[in-house]
Each structure stands twice: as structure tokens, then as C-alpha cells.
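Subject: A structure for you to look at

Hello,

Here is the structure I promised to pass on to you. Please open it next to this email and follow along as you read.

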Amino acid sequence: ESLVISSFDPLRREIARMTLEKLIKDGRIQPAKIEEKVEEAKNEMNRRMTEVGEQSCMEVGVIGLPKELIQLLGRLYFRTSYGQNVLVHSIEMSHIAGIIAAELGANVEVAKAGALLHDIGKAISHEVEGTHVNLGRKILQKYNIDQNIILAMESHHEEYPFATPEAFIVAACD
């Protein structure tokens, strides 16, 4: 009386779990109902990712991000790296980066945003070719994010040179 859901994609795994719960609750497990419940779960997941992304931005005080970027942040909630939740890690980094930037006289907003967005490429790294740093740079450029924030996030694995004090802060926080 158990069912195992297995997937390397945490979002698909969560959508499958939500769909199964809905089907069991409904009691009518048939092809049309399965498709209906999958769509419901996908829509619910999209709303949930947006809410989580918005809460994260509010918590650290990073405002003005495009809706699509906020949803990608929410997507990081369903991703782990080295056993740690990627979004929780990014939020913690953002808090620490803000404190360090204030102490050093660096740009607090840039440091906090760079830290929050440093792993944004991990939201799509299993779907698209490239490192999460390069993917993150492309995503941020696509949405016209301030170049100083991009410079702050791109050096955290030393793939790019440290161009600003905020870049050193983000790397130290990571």
C-alpha cells in the first residue's frame, strides 16, 4: 500500500506527488481525470513558486525584480545542492552580504541582490547546457538586471574576474 515517486527533476516529482494526492482524493482515476489533475497541479505549482519567490525578495529587501525572475527564485526552493535547499542558501547569503557590505561601505543593495541571484542559473541548469553561472548571467542579462548585480554574482566560482567589491562579498558569503 505504498507508491514510490522517483525523478531527478524535483519539480516534476512534486507535481506528480500533488497530482496523485488530487486523484486519490477525487477517487476517479481515469485518463481524462489524470490530465486534468496534472494541469491543476502545474498551475498550483506555478502560483506556489511565484509566492515563494516574492516572499524571498521581501525577506531580504530586494525589490523590483521581473515576475519571471521571481518565479525562477521560487523554483530554487525545490532544488538542493550539497544537501542544502538552494533558495534558503541564497536568502542566508543575501542577509550576510548586506551586513558585510554595510560594514565595508560597499553597495548594500547590489551585494544583497547579487547574493540572492547568484545561483539563479541552477533553476534551469538541468534543462539547458552550460554552467549555472553562465546560465545565471544570461538570465539576468535577458531581464536587464543592473550590470553591477551581474558583476557581483558572476565571480562566486571564480569563472569570471572579481570586478567589484560586491563580487568579493558574494563569493565570501557563498
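Predicted model: local features only at pLDDT ≥ 70, side-chain atom pairs only at ≥ 80, totals over all residues.

Residues are numbered from 1 along each chain as its sequence is written, and side-chain values use heavy atoms, with hydrogens and water left out.

**The whole protein**

The protein has eight helices and two strands; helices (H or I, at least four residues) and strands (E, at least two) are DSSP runs, numbered from the N terminus. Starting at the N terminus, the order of the elements is α-α-α-β-β-α-α-α-α-α. Along the principal axes, the C-alpha atoms fill a box of roughly 60 × 30 × 30 Å. Of the 174 residues, 45% count as buried. Here buried means under 20% relative accessible area, exposed means over 50%, and partly exposed is in between (1.4 Å probe, protein chains only). Take the contacts (heavy atoms within 4.5 Å) with a separation of 6 or more: 54% of them are between residues 24 or more positions apart.

Two packed helices are described by the angle between their axes and the distance between the axes. The axes are lines fitted to C-alpha atoms, for helices over the stretch in contact, and the angles run from 0 to 180 degrees between N-to-C directions. Angles under 35 degrees count as roughly parallel, over 145 as roughly antiparallel, 65 to 115 as roughly perpendicular and the rest as oblique.

Let us begin with helix α1 (residues 10-26), which packs against α2 at an angle of about 130°, with the axes 8 Å apart. That makes α1 oblique to α2. The contact includes Leu11, Ile15 and Met18 of α1, and Ile34, Val38 and Lys42 of α2. Its residues divide into nine nonpolar, one polar and ten charged. For this sorting, Ala, Val, Leu, Ile, Met, Phe, Trp, Tyr, Cys and Pro count as nonpolar, Asp, Glu, Lys and Arg as charged, and the others, Gly among them, as polar.

Next comes helix α3 (residues 67-75), whose axis comes within 7 Å of that of α2 and crosses at roughly 95°. The two helices, α2 and α3, are therefore roughly perpendicular to each other. Among the residues that meet here are Asn46, Met49 and Gly53 in α2, and Ile70, Leu73 and Arg75 in α3. This contact of α2 with α3 has five nonpolar, five polar and two charged residues.

How do α2 (residues 31-60) and α4 (residues 86-104) pack, and at what angle? The angle is about 15°, and their axes are 10 Å apart. They are therefore roughly parallel to each other. On the α2 side you will find Val52, Ser56, Glu59 and Val60, which meet Leu87, Ile91, Ser94 and His95 in α4. These residues divide into four nonpolar, three polar and one charged.

Lys42 also sits in helix α2, and it is partly exposed, at 37% relative accessible area. Lys42 and Lys67 are 25 residues apart in sequence and 17 Å apart in space, C-alpha to C-alpha.

**Aromatic pairs**

How many aromatic pairs does the structure hold? It holds two. Rings of Phe, Tyr and Trp (its six-membered ring) pair if their centres lie within 6.5 Å; planes under 30 degrees apart count as stacked, over 60 as edge-to-face and the rest as tilted. Tyr77 and Phe78 are edge-to-face, at 5.2 Å centre to centre with 90° between the planes. Tyr77 is partly exposed at 36%, whereas Phe78 is buried at 12%. Phe162 and Phe168 are stacked, at 4.4 Å centre to centre with 15° between the planes. Phe162 is partly exposed at 28% relative accessibility, and Phe168 is partly exposed at 48%.

**Two residues with a positive phi**

Most residues other than glycine have a negative phi. Tyr82 has a positive phi, near 55°. Tyr82 lies in the loop between β1 (80-81) and β2 (84-85) and is exposed, at 86% relative accessibility. Glu158 is not a glycine either, and its phi is positive, about 60°. Look for Glu158 in the loop between α7 (147-153) and α8 (165-173); Glu158 is exposed, with a relative accessible area of 62%.

Happy exploring!
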